[in-house]
Amino acid sequence: MSVGNQVWNDINQDGIRQTTEANISGAVVKLYEDNNMDNTPDGAAIATMTTTSTGLYLFDGLKPGSYIVGVTPPTPGSGLPFKSTTGAGEESNPNLNVDNNDNGVTLVGGETRTNFITLSIGLEPKNENPSNDATKPDSNSNLTVDFGFYQPIKIAGNVYFDINGPTNVDGTPIGNPSNTQVYATLVNATGTVVGTTAVNTTNGTYTFDDIRPNMTYTVVLSTVQGVVGS
């Protein structure tokens with residue numbers, strides 16, 4: 001028996017691998033036994049490998065049984081660390097054998113793990129894509145256990161009491177003008193509020209973490225949290 005398959009950069013965070021999305025190489029992948037099928041490993045990993053240049057991994061020579069796969073993504077060359085995607089395409093039960101979607105559901109330390117997957121002789125899915133196991137019958141190899149990760153974006157800035165108008169920032173940081181707390185609100189292109197945070201009353205700073213990339217946003221201020229201000 002064998003189990004695999006691919007780790008990819010889920011840029012749009014929908015949990016489904018598109019051909020235009022890059023694969024992630026150098027991710028550490030571990031295989032655990034889960035004989036009682038409680039979604040908790042039965043001890044330490046029984047095998048470890050890293051994904052190839054095309055994001056592929058494969059654990060081969062396995063006996064029939066139930067297993068858990070865990071992935072620790074590599075540290076990116078720039079930007080924030082990878083996070084496991086939680087898009088609508090995420091599949092919490094890898095035994096459904098849907099290909100090219102995200103199966104990582106549980107974060108333990110820095111490792112994202114699947115729920116248990118049971119391997120049975122002659123009953124595994126066929127014609128998975130991509131196929132990276134040519135050593136045994138297709139029905140003995142499950143190559144549908146994929147993992148999607150993404151790099152979140154961070155947006156940060158300051159609010160100032162500006163003395164002389166908009167040309168230059170020449171005032172002092174402020175978060176509570178007229179003793180009223182100000183909130184920074186992140187709004188997407190359709191006008192929907194996707195984030196809100198209180199502006200720091202001491203230094204006027206605000207930060208939005210874990211923002212979806214490749215989207216257009218506007219930052220507006222409000223005295224009511226979560227409401228688009230003017």
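This is a predicted model, where local features need pLDDT of at least 70, side-chain atom pairs count only at pLDDT 80 or more, and totals for chains, interfaces and linings use all residues. Residues are numbered from 1 along each chain as its sequence is written, and side-chain values use heavy atoms, leaving out hydrogens and water.

**Exercise 1.** Find the pairing of strand 3 with strand 5.

Solution. Strands are DSSP runs of E, at least two residues, numbered from the N terminus; two of them pair if DSSP finds at least two bridges between them. Strand 5 covers residues 65–72 and pairs with strand 3 in the antiparallel sense, over six bridges. One place to check is Val29, whose bridge partner in strand 5 is Val71. Next, turn to strand 4 (residues 47–50): four bridges join it to strand 3 (residues 28–33), again antiparallel. Here Val28 stands opposite Thr50.

**Exercise 2.** Which residues have the most contacts inside the largest nonpolar core?

Solution. Such a core is a set of buried Ala, Val, Leu, Ile, Met, Phe, Trp, Tyr and Cys residues joined through side-chain atoms within 4.5 Å, with buried meaning under 20% relative accessible area (1.4 Å probe, protein chains only). The largest has 19 residues, and Val7, Tyr57, Leu62 and Phe147 have the most contacts inside it. Strand 5 gives this core its largest share, three residues.

Definitions and conventions:
Buried < 20%, exposed > 50% of the residue type's maximum accessible area, 1.4 Å probe, protein only.
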